[in-house]
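Trainee: Could we go through this model together, beginning with the contact between the chains and then turning to the aromatic rings?

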Amino acid sequence: MSLIDLSATELVAKLHTGEVACAEATRAYLDRIAELNPKLNAFLRVDADRALSAAKEIDARRARGETLGLLAGLPVAVKDVLCTAGEPTTCASRMLEHFVAPYDATVIARLKAADAVLLGRTNMDEFAMGGSGENSAFGATRNPHDPDRITGGSSSGSAAAVAARMAPVAIGSDTGGSIRQPAGLCGITGLKPTYGRVSRYGLVAFASSLDQVGPMARTAEDAALLLEAIAGHDRLDSTSLDVAAERYSESVSKPLDKLRLGVAREHFGEGLDGEIAAAVRKAIEVYESLGATIDEISLPHSKYAVATYYIIAPCEASSNLARYDGAHYGHRTDERAMQSELETERRALVAAGNKAAAENLDSPLVRMYRRSRSEAFGPEVKRRIMLGTYALSAGYYDAYYLKALKVRRLIRQDYDQAFQKVDAIIGPVTAAPAYKIGDKANDPLAMYLDDVYTVSANLAGCCGIAFPCGASSGGLPIGVQLQGPPLGEDKLLRAADMFQRITT
Amino acid sequence: MSLTRAEVEKVSLLARLHLSDAELDAMTAQLGQVLHYVEQLAELDTDGVEPMAHALDVANVFADDVALPGLAREAALANAPHRDEVCYLVPAVLGE
């Protein structure tokens, strides 16, 4: 058995006893990355020297008998969306290609304090906008189960890295399914914590009322370990919940007695692939065999979730991404070319006798903003900024944004009612297995509709976990999702662990 | 509501984007499709429903009124595309 075949929990235990050296484990993962990354494009940057010297430092501290942190020596891959002091944080965008973060995100600071070894930064859909991994300015991530297929997104590189054993665990972020959906499509375990459970300080913002950082791992047990290291209150994030983090890694292996699972009829309607429906039904039977009770529930507003999400998330994104102005950081257009473009436009308008239009031309500052942003943002980011700007503009605010906020409340109430009856809701993560890269490139709406099973948890502020429950006839992973009430992470992890103990 | 190319162009200015003709055409069609889809929310009666702007019903979070060290000027300016010793530099804001 090679070192990269150990689970994170096993590896941490072997590091603790000294059976395995951290430098040795780190090198094994770096070798694996060097071998597979040219094919999968999971990592945007790997700093092998830094990772190795951090690993040696941990070995030395252990040899001196120092007390080490929870993850002592565990290699971790991080989505390139969390600021790390002194290192590039690109969000897979040309906009931030040369941006060097001036401070550590709280999640990064906690990983460092837990003595994790940071392997490198993983690929993603630009600014976490996308559900395929194709929207990266630095090339699509490829699915380890079939490199011609998508990984899902937006945490594409983190999912591929864990699935291909290029990292034992990885950090992702989930605004509308960006942890759970690629976890499902790549055959790994991914948890979106309750909104406020993990600090967003230093997480590059996409939609601030929905964004949440979470663990991606091979098993629920490993996800519990990583969540324990990063969760908890943070005074630097005013939306962080002032509730102590639980000892997830200790409780995860305790089976749940009398687990009550809900099955929503809306999750098994039109559009769901037959093989996925069958695999999820089978997972439900597994839970029944474990003593769980299954109740039919209803989430009547779930058919409106995608529409609600694709108003709220772009509105928040258009506001958040206004900060990329070419003035403070990020890409800036060539000023000389921009000035001469403006002058050419002005002369042409004057020559055509259109004096009013000449006077209405952009000021140099406005044109600098517009050119800088247009040159550096990719098509999906531009689409969402446009959508959000339109929905928030005068005359449309009530019909779109305010309406969506009201429907969001109705979606939340559906969940509140369901969770009075059940501990968790079991259902699919995606409607179909991973598709071929390029298949939906010209159909943004089709891509948005892929988020149908995941966006509600973000809108409602619930938690959700995706993990493998089978494979398609083509050999592609199929995932199942459990959604839980706010702060229900412990139960979700334990429920997933129960399943994994008897199926793997 | 169908979206016109002129509206998309106007929104591109509000969004501080500068779109090519091809982008404007594609955006008009794609945004139109998405707007058509999201308009299904209109069929729901939401009278009297309290808008939910946030997942948490949290009240204001106050911090003690104590000055803490912030980002040092040099660190804040380090990523500036165009700067001098102490300031960000941008194209002239006022007329020549």
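Trainee: How many residues does the contact take from chain A and from chain B?
Mentor: Bear in mind that this is a predicted model. The area buried between chain A and chain B is about 5,500 Å², with 68% of that given by carbon and sulfur atoms. The contact takes 69 residues from chain A and 51 residues from chain B.

Trainee: Which element gives the most to the side of chain A that touches chain B?
Mentor: Across this interface the rule finds 22 residue pairs in polar contact. Several helices of chain A give two or more residues to the side that touches chain B, among them H10 (305-320), H13 (364-376) and H15 (398-421). With 11 residues, the one that gives the most is H15(A).

Trainee: Which side chains meet in a salt bridge at 3.5 Å, N to O?
Mentor: The rule finds two salt bridges across the interface of chain A and chain B. One of them, at that N to O distance, joins the side chains of B:Glu43 and A:Lys303.

Trainee: Why does the pair of A:Tyr415 and A:Phe419 count as tilted?
Mentor: The two residues are four apart in helix H15 of chain A, and so they are separated by about one helical turn. Both count as buried, A:Tyr415 with a relative accessible area of 2% and A:Phe419 at 14% relative accessibility. Planes under 30 degrees apart would count as stacked and those over 60 as edge-to-face. The ring centres lie 5.9 Å apart, and the pair is tilted because its planes are at 35°.

Definitions and conventions. Residues are numbered from 1 along each chain as its sequence is written. Chains are lettered from A and ligands numbered from 1 in the order in which they are written. This is a predicted model: local features need pLDDT of at least 70, side-chain atom pairs count only at pLDDT 80 or more; totals for chains, interfaces and linings use all residues. Side-chain values use heavy atoms; hydrogens and water are left out. Contact means heavy atoms within 4.5 Å. Buried area is the accessible area (1.4 Å probe) that two parts lose on being put together, summed over both. A salt bridge is a side-chain nitrogen of Lys or Arg within 4 Å of a carboxyl oxygen of Asp or Glu. A polar contact is a pair of N or O atoms within 3.5 Å; within protein, one must be able to donate a hydrogen and the other to accept it, and residues adjacent in sequence count only if both atoms are side-chain atoms. Rings of Phe, Tyr and Trp (its six-membered ring) pair if their centres lie within 6.5 Å; planes under 30 degrees apart count as stacked, over 60 as edge-to-face and the rest as tilted. Buried means under 20% relative accessible area, exposed over 50%, partly exposed in between (1.4 Å probe, protein chains only).
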